[in-house]
Amino acid sequence: MRDSNDAIAWPFYVGSALALIVLVVPVLIVILTGLNAGDYMTFPPQGLSLRWIKSFLTSPTFVPAYLFSFGLAAATMAIATVIGTMAAIWIQRRGGRLAKILRGLFILPLVLPGVVIGLALYVFLISTGLPLARTFYGLLVGHVIVTTPLVIATVTAALVDFDRSLEDAARSLGATAWQAFFRITLPLISGGIGAGALFAFIVSFGQFEVSLFLSTPDLQPLPIAIYTSLRYRFEPTAAAAGIFAIALVVTSTVISARLVNFRRLFGGR
Amino acid sequence: MTEIRLDTLTKRYGTSTAVDGIDLTIGEGEFFSLLGPSGCGKSTTLRMIAGFVTPSAGRILLGDDDVTALPPEARDIGIVFQNYAIFPHMNVAANIAFGLKMRKVGKAEIDKRVREVLAQVGLEGYENRYSRELSGGEQQRVALARVLVTRPRILLLDEPLSALDKNMREEMKFWIKDLQKSLGITTVYVTHDQDEALTMSDRIGVMERSRLVQVGTPEEIYERPATLFVTGFIGHSNLIDVTARPETEGHCRVHFAGADFSARVRGALDKETPAQLAVRPENVIVDAETLPDGVVAFPAKVVSETYQGPIVRYRIDIQGTTITAERQNQAHRPRLAVGDAVLAGWDPARCETLLR
């Protein structure tokens, strides 16, 4: 039963509806543009066809870029998840001023403009002469820097809910510190770790600014490939590539939502 | 059955001292309560015994074993936490089996012992439940079963009743006490609740500001509080300003409102000194006409009356000093009226003189 108080909520419904439209409409436009039958990116599409989908699937630039982004995102996710989880746990357990300072530093890549991070890393690699500039590993480092804070944030959120006396109880029952961590702590914060890993993957897959500075013509992630393509030809193949990117992100979110209870992480409980 | 010995056990955090040189021996099979207000160091003491906090100085001995340097998992101690700390991702059976698995007990033996301990705590058929499906009392039983199944040397209980509602708390108080007695396991019970400590304990240690200020049976603690703090913390007491003069060892001559009588005192006094006489409200006897023999009696006046069901509480004025008296609400004893002139007094043998 709804009571009359719900009437107060109508501005919220309107706000949510607007937000949803703003978020969803561009995605729909990309999808429809990718299915365009015409020669150029136009909206509304001049009829529907799989012409540009075919063009994407046979493209000598987009397919390798797509696979490269996938591999880069997977590697980024693996590294960021391990580093981020360890950092979050250490910061939380350490406490005090140092932990506060470190927490701030770790969140920095989230608030700094990506262009600044990309440029800074590029200048750093070139000027120090490290053999990482213009290599896959240099790009990977850049992606790990931008995604690790996401893992730290989600794991920290999970740790706030984690009751340390569970670990104490396990220790007292005969578990070593490692056993208590792997059997009690890790399973109970796995939701936060899973969510962080997913965010790391998605953010890395869509990362543009950092990649712009660190990628090379033979190491092109998908967003850079789309950008490059659009600069020279206004061809719907780029939109078709967008469809595949959206499909990947949606699929990975759905799969992880099955594995991880997001409601717990975002306060649904 | 293991004796616990704490030898000048101390914990300092920077410049502040959380636990200050505790010397204590808890006997085999004894139910010992550490009682005190929050922040008095009782929980830190318990956590040092459990091995979660490393002492700054002193030793902890279980029987003849010095466990001071051992990690928690090597101490063979069972601890029940305030919030029970049931592993939420494991069902009841897996929770209880955890300690046995860590000890590499075989599967068949684990199953058998889990069943046995569930029967012991009255939770047969609860094997597949999760903590979120259990009431507070049931979680408490699971937490106890989980430690008892490992047959620990000693049992530590950290405010285990504070998260329960009042009725359940009353029930669990006696249940835990009975279980402890039947197992004969040495138990340290941390609480800030004097009722729990008085009803459950063989002995109580009262802590105040990092120190153990008095150790004794519930009766000793209640009847003969050693300090003003203990007097105020355990139950209610009238604290009456009096003058005390030296008498024999353990007694002094107390002067109050024109009367002179002998009362107990701790420590020696060498000259006349101001002191406070602690008299429990239930030991203040009030009557309209006569008081029994041996009671120091004063003419007094009823100032106010508070009806509390089984007892009636009176505020009584004795020559400008107001004290509280409690009387059983019994049919054969007529209630007193406000403004009545009455006799009030106490048996000096049931008072304690506290020096400042």
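Visitor: At what angle do helix 4 and helix 6 of chain A cross?
Guide: In this predicted model, the axes of helix 4 (residues 96–111) and helix 6 (residues 136–161) of chain A cross at roughly 120 degrees and come within 8 Å.

Visitor: Why is helix 4 of chain A called oblique to helix 6 of chain A?
Guide: Roughly perpendicular covers 65 to 115 degrees and roughly antiparallel begins over 145. The crossing is at roughly 120 degrees, which makes helix 4 of chain A oblique to helix 6 of chain A. In handedness, helix 4 of chain A passes helix 6 of chain A in a left-handed crossing.

Visitor: Which residues meet where helix 4 of chain A touches helix 6 of chain A?
Guide: From helix 4 come A:Phe106, A:Ile107, A:Pro109 and A:Leu110, and from helix 6 come A:Ile145, A:Val146, A:Pro149 and A:Ile152. By class, the residues of this contact are eight nonpolar, no polar and no charged. Phe, Ile, Pro, Leu and Val count as nonpolar.

Visitor: Turning to chain B, what is the strand order of the open sheet of five strands?
Guide: The order is 15-19-16-17-18, with antiparallel pairing.

Visitor: What makes strand 15 and strand 18 of chain B edge strands?
Guide: Strand 15 (285–287) and strand 18 (321–328) each have a single partner strand, so one side of each has no neighbour in the sheet. From one strand to the next, the twist averages 40 degrees.

Visitor: How do you know that strand 16 and strand 17 of chain B pair?
Guide: Pairing needs at least two bridges. Strand 16 (residues 296–307) and strand 17 (residues 311–318) of chain B have six, in the antiparallel sense, and therefore count as paired. B:Thr306 has B:Arg313, in strand 17 of chain B, as its bridge partner.

Methods. Residues numbered from 1 in each chain as written. Chains lettered and ligands numbered in written order. Predicted model: local features only at pLDDT ≥ 70, side-chain atom pairs only at ≥ 80, totals over all residues. Axes fitted to C-alpha atoms, helices over the stretch in contact; angles between N-to-C directions. Helix = DSSP H or I, 4+ residues; strand = E, 2+ residues; numbered from the N terminus. Parallel < 35°, antiparallel > 145°, perpendicular 65-115°, else oblique. Left-handed = near helix turned anticlockwise from the far one by under 90°. Contact = placed C-beta atoms within 7 Å.
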